[in-house]
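This briefing is meant for a reader who is meeting the structure for the first time. Please keep the sequence and the 3D view open while reading, and find each element as it is named.

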Amino acid sequence: MPQRTQRSRVPRTTMRDRGIHVKSLIGQPELMKELNRARALDILLEERVISRPQLAKRTGLSRATIAILIDELLRAGLVRERGLGDSRGGRPPVMIEFNPHAALALGARLRDHRWGIVLTDLDAEVVRHLETPLSDLSPATAVASLQTGVAQITQGIDRSRLLPAIGLGTPGLVDMAAGVVKTAVDVGWVDVPIRAMAEEALGMGVYVANRSKVGALAELWCGREQNVQNLLYISIGTGIAAGVVIQGQLYMGVNSSAGELGHVTILPDGPLCACGNRGCLQALASGPAIANRARAQLRGGPDSLLLKLAEGHPERIMAETVFAAAEQGDEAARHVVDDTAIYLGIAIANLVNLFNPALIVLGGPVGQNGQVLLEPLRAEVQRRAMAYPLSAARIVNSTLGPDAGAIGAAVLVLQHASELLFARN
């Protein structure tokens with residue numbers, strides 16, 4: 001995957017974000033200590049190298065408190081001393097450097113009958129990755145396959161370096177608080193307690209979210225654009241869903257179901273969607289929908305390059321086939337791509353008007369590979385979105401590749417790194 005040239009500025013979680021009022025900390029020194037430590041770590045994560053006096057100033061904590069916290073972080077290996085800094089008189093300060101290699105996080109994404117699993121460092125940089133297939137799509141098989149994959153990817157790893165949790169990016173509507181997949185049509189799951197099942201099998205904590213939402217976290221932490229706090233990640237594959245990041249925080253909605261972009265109605269009398277509605281974006285612009293329209297095009301032009309690329313078998317046509325044919329100038333394929341751009345453009349223009357994002361990232365198996373789709377899509381959004389919010393938005397393809405969902409799942413763990421690191425010691 002692409003290497004980053006600099007570390008993203010990952011937004012910090014404040015006490016208010018955690019639902020904690022300052023007055024509630026009175027008489028709870030351990031909780032206060034945990035929050036102070038998390039605050040210090042967040043600043044170290046952002047600044048990378050800082051002195052103790054500078055850290056005291058940034059946190060608002062006393063130098064004595066910072067000295068105690070830094071000693072803890074040094075013992076845990078999370079920071080290391082890195083020579084002397086500049087002095088404006090007096091003794092030069094010892095600089096403290098964040099060590100992203102002090103611990104590892106696990107993340108896994110379920111897609112296309114397989115888990116993609118990654119081990120990352122504390123910066124969400126991938127250290128190891130693997131794909132683990134499923135023999136069937138039952139929840140029990142999925143958890144057993146995950147258990148096998150985790151054992152393989154952590155083989156030879158010092159367990160003391162491993163954060164005692166894993167993040168999971170699953171398809172469907174996910175109740176994040178309960179760790180339950182409420183419904184996932186493409187795998188046939190209904191009310192699956194995936195967190196409880198995985199915790200029992202793996203013997204570690206589990207965080208669960210929709211795979212598109214964790215894709216947004218991956219883009220926030222290590223995507224192609226730095227310092228973007230308002231972004232939309234749109235995953236296009238067998239379905240279509242969006243992850244929404246507002247002011248550096250993933251927006252989940254009341255019951256974790258925000259971002260179901262695939263079930264926004266685009267054509268009131270359009271094709272029937274698996275959800276029971278007609279004309280959903282998913283029924284018009286998902287990978288299967290693109291392939292189905294391409295096959296229909298063949299009935300009017302059987303000499304299309306589409307059939308040649310599919311080796312004479314229309315059933316083998318996939319969205320990738322359509323994009324490849326369009327790039328070579330095939331008229332039937334271009335027609336399908338243009339229609340897809342219109343449908344997606346309508347939806348994305350509405351998102352631009354609603355959320356005023358700085359960045360819209362197309363990901364998933366279709367979105368991250370659809371370069372030929374990008375130009376007509378941008379043109380359609382240009383036609384439909386309001387000019388002022390659109391002036392601040394960029395639409396790009398994801399560069400994180402197939403590991404994006406798994407990286408974002410690992411970020412679910414990394415967001416709790418401070419508490420996990422010291423719970424494990």
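Which strands does helix α11 lie across, and at about what angle does it run to β12? In this predicted model, helix α11, made of residues 331-355, lies across β12, β13, β15 and β16, and its direction makes an angle of about 160° with β12.

**The five-stranded sheet**

- The strands β14-β13-β12-β15-β16, in that order, form an open sheet of five strands with mixed pairing.
- At the edges of this sheet are β14, residues 249-251, and β16, residues 394-397, each of which pairs on one side only.
- On average, and with direction ignored, neighbouring strands of the sheet are turned by 25° against each other.
- β13 and β14 run antiparallel and are joined by three bridges, and for I246 the bridge partner in β14 is Q249.

**Helix α6 and its neighbours**

- Helix α6 also lies across strands of this sheet, namely β12 (231-236), β13, β14 and β15 (359-363), and it runs at about 45° to β13.
- The axis of α6 comes within 7 Å of the axis of helix α15, which covers residues 404-414, and the two cross at roughly 80°.
- Angles of 65 to 115 degrees count as roughly perpendicular, and α6 and α15 are therefore roughly perpendicular to each other.
- On the α6 side of this contact are R211, V214, G215, L217, A218, W221 and C222, while α15 contributes A404, G405, I407, G408, A409, V411, L412 and L414.
- Sorted by class, the contact of α6 with α15 has 11 nonpolar residues, three polar residues and one charged residue.

**The cavity**

- Rolling a probe the size of a water molecule over the atoms shows where empty space is left.
- The structure holds one cavity of 30 Å³ or more, and the largest cavity has about 30 Å³ of space.
- Its lining consists of N230, L231, L232, V244, V245, I246, F355 and P357, a set with seven nonpolar residues, one polar residue and no charged residues.
- Both β12 and β13 supply at least two residues of this lining, and β13 gives the most to it, with three residues.

**The three-stranded sheet**

- A further open sheet has three strands in the order β8-β9-β10, with antiparallel pairing.
- Its edge strands are β8, residues 173-175, and β10, residues 189-192, and each of them pairs on one side only.
- Neighbouring strands here are turned by 15° against each other on average, with direction ignored.
- Three bridges join the antiparallel strands β8 and β9, and the partner of L173 in β9 is T183.

**The second largest pocket**

- The second largest pocket has a volume of about 440 Å³, and of the 22 residues that line it, G172, V185, E260, H263 and Q282 are the closest to its centre.
- Elements of both sheets take part in its lining, with β9 (180-184) and β13 (240-246), as well as helix α6 (211-222), each supplying at least two residues.

Notes. Residues are numbered from 1 along each chain as its sequence is written. This is a predicted model: local features need pLDDT of at least 70, side-chain atom pairs count only at pLDDT 80 or more; totals for chains, interfaces and linings use all residues. Side-chain values use heavy atoms; hydrogens and water are left out. On a 1 Å grid over the protein atoms alone, a cavity is a set of points where a 1.4 Å probe fits but cannot get out, and a pocket is an open set with protein on both sides within 12 Å along at least five of seven lines; lining residues have an atom within 4 Å of a point. Grid points are joined across faces, edges and corners, and a volume is the space filled by probe spheres set on the points. Helices (H or I, at least four residues) and strands (E, at least two) are DSSP runs, numbered from the N terminus. Two strands pair if DSSP finds at least two bridges between them. Axes are lines fitted to C-alpha atoms, for helices over the stretch in contact, and angles run from 0 to 180 degrees between N-to-C directions. Contact means heavy atoms within 4.5 Å. Ala, Val, Leu, Ile, Met, Phe, Trp, Tyr, Cys and Pro count as nonpolar, Asp, Glu, Lys and Arg as charged, and the others, Gly among them, as polar. Angles under 35 degrees count as roughly parallel, over 145 as roughly antiparallel, 65 to 115 as roughly perpendicular and the rest as oblique.
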